[in-house]
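Subject: Structure for you to look at

Hello,

Here is the structure I said I would pass on. Please open it first, and then read the notes below with it on the screen.

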Amino acid sequence: MPRENCAAGSEAALGRNRRPLAHFIGGAFDDHVAGLQGGPSDLDHVAIAVHDLEAAIEYYRTTFGVEPVHRERIEKDGVDEALIKVADSYIQLLTPTRDDSPVAKFLAAKGEGMHHVGYRVESCADALGRVKGEGHRVIDEVPRPGSRGTTVAFVHPKGAFGTLIELVEEPSTPH
Ligand code: CO
């Protein structure tokens with residue numbers, strides 16, 4: 001029997017039970033999707049706090065053969081960042097530009113290492129609304145500009161299992 005006929009035959013054989021099953025799966029799937037509205041679509045970046053940005057860039061250059069694709073000073077946060085692209089995500093190397101920067105406080109308290117995780121979301125406002133709607137603490141009450149033209153908001157690590165989470169909405173025109 002040609003493959004097409006075989007497939008058609010299988011479909012016909014399944015036909016009687018297909019509708020209720022598809023209906024059930026469809027319903028469960030719709031609920032699942034509804035539950036994920038505003039949820040992460042990708043890992044945007046892993047941020048690593050370092051004392052010496054140039055030394056960290058050099059480490060990634062010589063050890064992994066990668067270069068920053070973007071560098072930016074974010075005055076409001078008191079940080080210099082270098083973004084290294086890995087697949088569709090970034091490693092974000094961060095160093096403070098002043099002593100009262102949150103990253104400076106982090107380095108003083110905990111030393112170098114992973115600082116936060118950025119989840120890419122379709123809408124930062126929607127994702128933040130969900131977090132607040134669930135009664136969880138946030139650092140940013142409303143979305144604000146991030147680097148690369150992104151819109152971001154931070155979720156407080158207390159209530160997020162010890163992880164500082166950044167919700168990242170990409171610019172509508174990617175840079
Ligand atoms: Co970040």
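How many helices and strands does the protein have? There are four helices and eight strands. Starting at the N terminus, the elements follow the order α-β-α-β-β-β-α-β-α-β-β-β.

Keep in mind that this is a predicted model. The mean pLDDT of the protein is 85, and 77% of its residues reach 70 or more. Residues 1–35 are another matter: pLDDT stays under 50 there, and the model gives this stretch one contact beyond four places in sequence. Where pLDDT is low, the predicted coordinates should not be read in detail.

Two figures describe the protein as a whole. Of its 175 residues, 22% are buried. Taking contacts between residues at least 6 apart in sequence, 54% join residues at least 24 apart.

The sheet

Eight strands make up an open sheet with mixed pairing, in the order E2-E3-E4-E1-E5-E8-E7-E6. Strand E2 (68–74) and strand E6 (144–145) are at the edges; each has a single partner strand, so one side of each has no neighbour in the sheet. E6 runs antiparallel to E7, and two bridges join them.

The helices

Helix H3 (residues 102–110) packs on the sheet, where it touches strand E1 (40–49), E3, E4 and strand E5 (113–121). The direction of H3 makes about 85° with that of E4. Helix H4 (residues 124–133) lies across E5, E7 and E8, and runs at about 15° to E7.

Is H2 largely in the open or largely buried? One of its twelve residues is buried, so H2 lies largely in the open. After H2 comes Gly65, which has a positive phi near 70°.

Single residues

Which residue has a positive phi of about 55° although it is not a glycine? Ala87 does, and it is found in the loop between strand E3 (79–86) and strand E4 (89–96). Ala87 has 7 other C-beta atoms within 10 Å, and with 12 or fewer counting as exposed, it is therefore exposed.

Phe161 also has a positive phi, near 55°, and is a residue other than glycine. Its place is in the loop between strand E7 (151–155) and strand E8 (165–169). Phe161 is exposed, with 7 other C-beta atoms within 10 Å.

Pro171 is in the segment after E8. Is Pro171 buried or exposed? Pro171 is exposed, with 12 other C-beta atoms within 10 Å, and 12 is still inside the cut-off for exposed. Leaving out residues up to four places away in sequence, Pro171 touches Arg148, Gly149 and Thr150. From Pro171 to Thr150 is 21 residues in sequence, but 5.0 Å in space, C-alpha to C-alpha.

Those are the notes.

Regards

Conventions. Residues numbered from 1 in each chain as written. Predicted model: local features only at pLDDT ≥ 70, side-chain atom pairs only at ≥ 80, totals over all residues. pLDDT = per-residue confidence, 0-100. Contact = placed C-beta atoms within 7 Å. Buried ≥ 20, exposed ≤ 12 C-beta atoms within 10 Å, placed from the backbone. Pairing = 2+ DSSP bridges. Axes fitted to C-alpha atoms, helices over the stretch in contact; angles between N-to-C directions.
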